[in-house]
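Please read it alongside the sequence and the coordinates.

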Amino acid sequence: MYLVNPSGAGGFDENGEKRLRPYARKDDFLLPAVVEVTVKSVPSAAAAPQCTKKHRVPAVVFSVAGYTDNFFHDNTDALIPLFLTASHLKGEVQLLITNYKPWWVQKYTPVLRKLSNYDPINFDADAGVHCFAAGFLGLYRDRDLIISPHPTRNPRNYTMVDYNRFIRSAYALRRDRPSALGEVPGMRPQMLIISRGGTRKLLNLEEVAAAATELGFNVTVAEAGADVPAFAALVNAADVLLAVHGAGLTNQIFLPTQAVVVQIVPWGNMDWMATNFYGQPAREMQLRYVEYYVDEEETSLKDKYPREHLVFSDPKALHKQGWQALAETIMKQDVKVNLTRFRPFLLQAIDKLQE
């Protein structure tokens with residue numbers, strides 16, 4: 001990139017350059033895979049390559065490298081930062097993507113079209129010289145699924161409720177409130193249980209669904225897949241979303257405001273992750289929230305490790321060893337909830353729908 005910069009200000013090196021990696025999550029492990037963009041400061045337009053296309057709208061340059069293709073990270077590392085950076089421009093912005101992935105762009109086309117009235121440009125492959133009067137290199141980012149007031153990370157004071165409205169509009173999800181119990185005679189609240197095909201499966205999912213049905217829910221079970229619009233519509237139709245801790249809970253962004261989220265938290269000192277990744281975000285989205293912590297008898301880890309193993313005797317020690325240690329132990333468990341213990345939490349979900 002060339003910056004017409006007559007004053008030379010901006011912290012450029014002795015060669016008039018600076019290098020940036022435009023990925024919103026600053027993670028030393030990830031950054032080497034992110035395309036490095038060199039910005040060259042030049043004193044006049046004559047010192048820059050000649051424009052092949054002049055744009056009347058500002059540019060936003062960002063990367064979709066890193067952890068993308070995980071729905072949690074697609075939102076926290078790309079889509080929410082894009083919303084913070086560009087939504088105020090009301091579509092009059094040109095997106096330029098480094099580490100361009102055609103499948104990623106196709107997957108999130110409804111969101112990108114909501115943000116920009118123009119097709120994204122593949123920054124890595126486009127041979128043209130595109131000229132802009134203004135723009136952003138990189139994206140604003142706050143916390144995972146949390147947007148707080150902040151003068152630099154969130155200069156326009158958006159909230160997660162604003163993002164919910166934006167994302168529902170992008171996918172044409174018209175339901176903005178859950179069903180009110182008792183409003184329609186015989187109406188049963190809708191519960192969606194997100195199943196998982198890998199780790200942290202709910203082993204007695206059918207029994208949980210039957211218990212919820214017995215308590216008065218219409219229950220749907222589905223696994224989140226690549227068809228985001230279809231699954232978004234399924235989530236938006238629900239009054240209660242139930243899932244074991246994992247990226248699938250990110251789909252709470254599609255719920256109507258004041259719907260209920262039930263998170264089943266696996267064994268292993270998972271309270272910080274449960275609260276910060278999904279619990280507090282649910283509250284920030286004005287959703288009602290219930291969490292259930294499994295005990296030692298409800299985790300598949302009891303069949304894999306003796307009770308004197310760290311996973312039972314001191315799970316905090318595993319957390320201190322870092323993500324790799326967690327990924328190989330605690331994060332690989334499945335859960336089988338005790339229905340006697342769990343039933344009151346289903347009743348809590350019903351109670352919260354009546355608040």
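**Asp77 in helix H1**

Asp77 is part of helix H1. The model is a predicted one. With a relative accessibility of 0%, below the 20% limit, Asp77 counts as buried.

- Two polar contacts involve the side chain of Asp77: one reaches the side chain of Arg25 at 2.9 Å, and another joins the side chain of Thr76, also at 2.9 Å.
- Beyond residues up to four places away in sequence, Asp77 touches Tyr23, Ala24, Arg25, Tyr67 and Arg141.

**Packing of H1 against H4**

- Helix H1 spans residues 71-86 and helix H4 spans residues 160-170; their axes come within 11 Å and cross at roughly 90 degrees.
- The two helices, H1 and H4, are therefore roughly perpendicular to each other, since the range for that class is 65 to 115 degrees.
- On the H1 side the contact is made by Asn75, Leu79, Ile80 and Phe83, and on the H4 side by Met160, Asp162, Tyr163 and Phe166.
- Sorted by class, the contact of H1 with H4 holds 6 nonpolar residues, 1 polar and 1 charged.

**Helix H4: burial and ends**

- Of the 11 residues in H4, 8 are buried, and the helix is mostly covered.
- The buried residues of H4 are Met160, Val161, Tyr163, Asn164, Phe166, Ile167, Arg168 and Ala170.
- These buried residues of H4 pack against H1, helix H3 (109-115), helix H6 (228-236) and H7.
- The N-terminal end of H4 is capped by Thr159, which has a side-chain oxygen 3.3 Å from the backbone nitrogen of Val161.
- After H4 comes Ala172, with a positive phi near 55 degrees.

**Aromatic pairs**

- The count of aromatic pairs comes to 15.
- One of them is formed by Phe72 and Phe277: the ring centres are 5.5 Å apart and the planes stand at 50 degrees, so the pair is tilted.
- This pair links distant parts of the chain, with Phe72 in helix H1 and Phe277 in helix H7 (residues 271-284), 205 residues apart.
- Phe72 and Phe277 are both buried.
- Phe277 also pairs with Tyr278 in an edge-to-face arrangement, at 6.4 Å centre to centre and 85 degrees between the planes.
- Tyr278 is buried, as is Phe277.
- Phe72, Trp272, Phe277 and Tyr278 are linked into a cluster by ring pairs.

**Asn276 in helix H7**

- Asn276 lies in helix H7 and is buried, with a relative accessible area of 16%.
- The side chains of Asn276 and Arg143 make a polar contact of 2.8 Å.
- Neighbours within four places in sequence aside, Asn276 is in contact with Arg143, Asp144, Ile146 and Pro281.
- Asn276 and Ala222 are 54 residues apart along the chain, and their C-alpha atoms are separated by 25 Å.

**Lys18 in strand E2**

- Lys18 sits in strand E2 (residues 17-20) and is partly exposed, with a relative accessible area of 27%.
- A polar atom of the Lys18 side chain lies 2.5 Å from the backbone oxygen of Gly10.
- Not counting residues up to four places away in sequence, Lys18 touches Gly10, Gly11, Phe12, Val37, Thr38 and Val39.
- The C-alpha atoms of Lys18 and Phe72 are separated by 31 Å, and the two residues are 54 residues apart along the chain.

**Positive phi in loops**

- Lys90 is not a glycine, yet has a positive phi of about 55 degrees.
- Lys90 is placed in the loop between H1 and strand E6 (94-98) and is exposed, with a relative accessible area of 68%.
- Gln286, likewise a residue other than glycine, has a positive phi near 60 degrees.
- The loop between H7 and strand E14 (288-293) holds Gln286, which counts as partly exposed at 41% relative accessibility.

How values were computed
Residues numbered from 1 in each chain as written. Predicted model: local features only at pLDDT ≥ 70, side-chain atom pairs only at ≥ 80, totals over all residues. Heavy atoms only, no water. Axes fitted to C-alpha atoms, helices over the stretch in contact; angles between N-to-C directions. Helix = DSSP H or I, 4+ residues; strand = E, 2+ residues; numbered from the N terminus. Parallel < 35°, antiparallel > 145°, perpendicular 65-115°, else oblique. Contact = heavy atoms within 4.5 Å. Nonpolar A, V, L, I, M, F, W, Y, C, P; charged D, E, K, R; others polar. Buried < 20%, exposed > 50% of the residue type's maximum accessible area, 1.4 Å probe, protein only. Polar contact = N/O pair within 3.5 Å; in protein donor to acceptor, adjacent residues only side chain to side chain. Phe/Tyr/Trp six-rings, centres within 6.5 Å; stacked < 30°, edge-to-face > 60°.
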